[in-house]
Amino acid sequence: MLILEDVDVYYGNVQALHGVSLRVEEGEIVTLIGSNGAGKTTTLRTISGLQSPRAGKITFCGQRIDGMPAEKIVGLGIAQSPEGRRIFTNLTVRENLQMGAYLERDKSKVRERLERVEALFPRLQERASQPGGTLSGGEQQMLAIGRALMTGPRLLLLDEPSLGIAPILVQEIFREIERINRELGTTILLVEQNAHIALRLAQRGYVLETGRIVLEDACPALQKNPQVREAYLG
Amino acid sequence: MDAGVLQLPLAIKLDLWLTDQVILVGLFALLALSLNLINGWGRMFSLGHHGFYFLGAYGAAWLTAALPTGLPGALVFVTTCLFGMLVATAGGLLIGVPCLRLRGDYLAIATLGFGEGVRLVISNADVRVPPGFTVPRVLFEVNSSNLLMYRLLFLGIVILLVVGVVLLIRNYVRSSAGRAMLAVAQDERAAGLLGINPTGSKVLVFLMGSAIAGLAGAVYAHYSGSVAPKDFEFVLMVTIFLIVVLGGLGSISGCILAAFLLRATERGLGMVGGVVSEWWQVEFALILILLMIFRPNGIFGPRELTDVIRDWRQRRRAGSKA
């Protein structure tokens, strides 16, 4: 479904990604783990079109998407819940969700998606008319994921959904991510620093180190890998 | 103003003065509302709004002078106003498309350069437009006996325009495109990830703002009967900006109230000042300083007068119960 081939990304003169290649198949949950500054967020930003690769190829369902503007890529069915959530604090929770369906002209489809998202995260329905900025960190994360789902994606990119959130809510959010994959059939590429929880949820994983993919395997194998155990599972 | 006015009874003179003041407040409200659209809701820092006002006024004045005489006055009025609006919008497109990728201060510098530049270029270039020129009266010939009628007519037009723009902004902010504008204003990147084209959204808001400013300029040209570069200097921009900051970025009622307050106090001080008729300079500086200390978000902040009254009532009810 999504294929990255030898992707190089630079910030100015600094190379952030060195020949990154990875693939995500339809229906999978794939995780990308690595420490701070390894290039995880850059990889997602590049897929979403916020960053252009200097070399390499990105294809989504057979179509080249590298170099496309972000808003076009959303239209093709790739949504991202960005790192740090970045919800619109001055809009209400409901308005935040509706922003996600900005490109969808069919009102009944928007309503359908809204119902689905609010069934998934009932808290968002309870707080529908509150300004987004008044939510707790965990609720904001639910809102960011819900907002991304409102675009009606086939592939959902999640950037650090556990960052800065109470452990009990992390469990809840990861249960919902699994439901999104199972019940809605949405393919998921998950970026996480918390390798424990990411490797439990995903089927396959990639390990990124200073801009290079150093390992790729099925998650149970990665969990047993001594290198991974030492570096990421402590 | 023609000499006949001086011989009019005091009551009529007062009426004339009042209508003139309210019309000017209305024009300032239009300018401030449209700048608020760009600076307040859109969170783009533009300092070139006087340029759009200038383009609207000169566009309308030029077309009025260029059109053959004998056409129906109302038709000429509407056509020239729309033309002034168009010229200002074209100016907005010219400066907006290349510059709206700039942020904060850089955008302010670019728009400031534009606002000052168009005035200086047009008033110095020989483009068949003398630097200042009279605008033929198209609605009806004005003399001392029907001057009040003329002003009342413009008062009606300006009030209508203010109401129209208020409704436009209210509906726009609540629409899908308007919410996209608010989203882009807060976080361009997050908005882009939802399929919103941030530059497109910003250009649209910028063009709406410049079109409204142009329309205000066109109406001003017809109202005053003459246009001159000195009416469009940077101090005008400062005044509009002060109204927006005073009223609150993103507040419609705050904007209108501030336009009224600023104009009224400026006039009042002008009369008290006598010899020193430049008291408004002190006032403006003082307002800005006090504002930053006591109400850095403007009179109402981003809220509306109705919100403030509702809160105040609720508090009073809570207070009487306790």
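This is a predicted model: local features need pLDDT of at least 70, side-chain atom pairs count only at pLDDT 80 or more; totals for chains, interfaces and linings use all residues.
**Two helices within chain B**

- Sort the residues of the α5(B)–α6(B) contact by class and you get five nonpolar, two polar and two charged.
- Helix α5 of chain B covers residues 147-174, and its axis is 4 Å from that of α6(B), at a packing angle of about 75°.
- That angle falls in the 65 to 115 degree range, so α5(B) and α6(B) are roughly perpendicular to each other.

**Where chain B touches chain A**

- Seen from chain B, 17 residues are in contact, and they meet 22 residues of chain A.
- Together the two chains bury about 1,900 Å² between them, and carbon and sulfur atoms give 62% of that area.
- Three residues stand out: B:R179, B:L193 and B:L194 supply 39% of the area that chain B buries against chain A, more than any other three residues.
- There are three residue pairs in polar contact between chain B and chain A, counting pairs with both residues at pLDDT 80 or more.
- On the chain B side, α6 (176-186) and α7 (188-192) each supply at least two residues that touch chain A.
- The chain B residues on this side divide into nine nonpolar, five polar and three charged.

**A helix from each chain**

- Helix α3 of chain A (residues 93-100) crosses α6(B) at roughly 100°, with the two axes coming within 10 Å.
- This makes α3(A) roughly perpendicular to α6(B).
- From α3(A) come A:E95, A:Q98 and A:M99, and they meet B:R179, B:A180 and B:A183 of α6(B).
- By class, the α3(A)–α6(B) contact has three nonpolar residues, one polar and two charged.

**Salt bridges**

- Side chains of opposite charge can pair when their charged atoms come close.
- Over all chains, the count is 21 salt bridges.
- Between chain B and chain A the count is one.
- That bridge pairs A:R86 with B:D187, and the closest N and O atoms are 2.8 Å apart.
- Within chain A, the side chains of A:E28 and A:R204 form another salt bridge, at 2.6 Å from N to O.
- A:E28 is in the loop between β2 (14-24) and β3 (29-33), while A:R204 is in strand β9 (residues 204-209), so this pair ties together parts of chain A that are 176 residues apart in sequence.

Note on methods: Residues are numbered from 1 along each chain as its sequence is written. Chains are lettered from A and ligands numbered from 1 in the order in which they are written. Side-chain values use heavy atoms; hydrogens and water are left out. Contact means heavy atoms within 4.5 Å. Buried area is the accessible area (1.4 Å probe) that two parts lose on being put together, summed over both. A salt bridge is a side-chain nitrogen of Lys or Arg within 4 Å of a carboxyl oxygen of Asp or Glu. A polar contact is a pair of N or O atoms within 3.5 Å; within protein, one must be able to donate a hydrogen and the other to accept it, and residues adjacent in sequence count only if both atoms are side-chain atoms. Ala, Val, Leu, Ile, Met, Phe, Trp, Tyr, Cys and Pro count as nonpolar, Asp, Glu, Lys and Arg as charged, and the others, Gly among them, as polar. Axes are lines fitted to C-alpha atoms, for helices over the stretch in contact, and angles run from 0 to 180 degrees between N-to-C directions. Angles under 35 degrees count as roughly parallel, over 145 as roughly antiparallel, 65 to 115 as roughly perpendicular and the rest as oblique.
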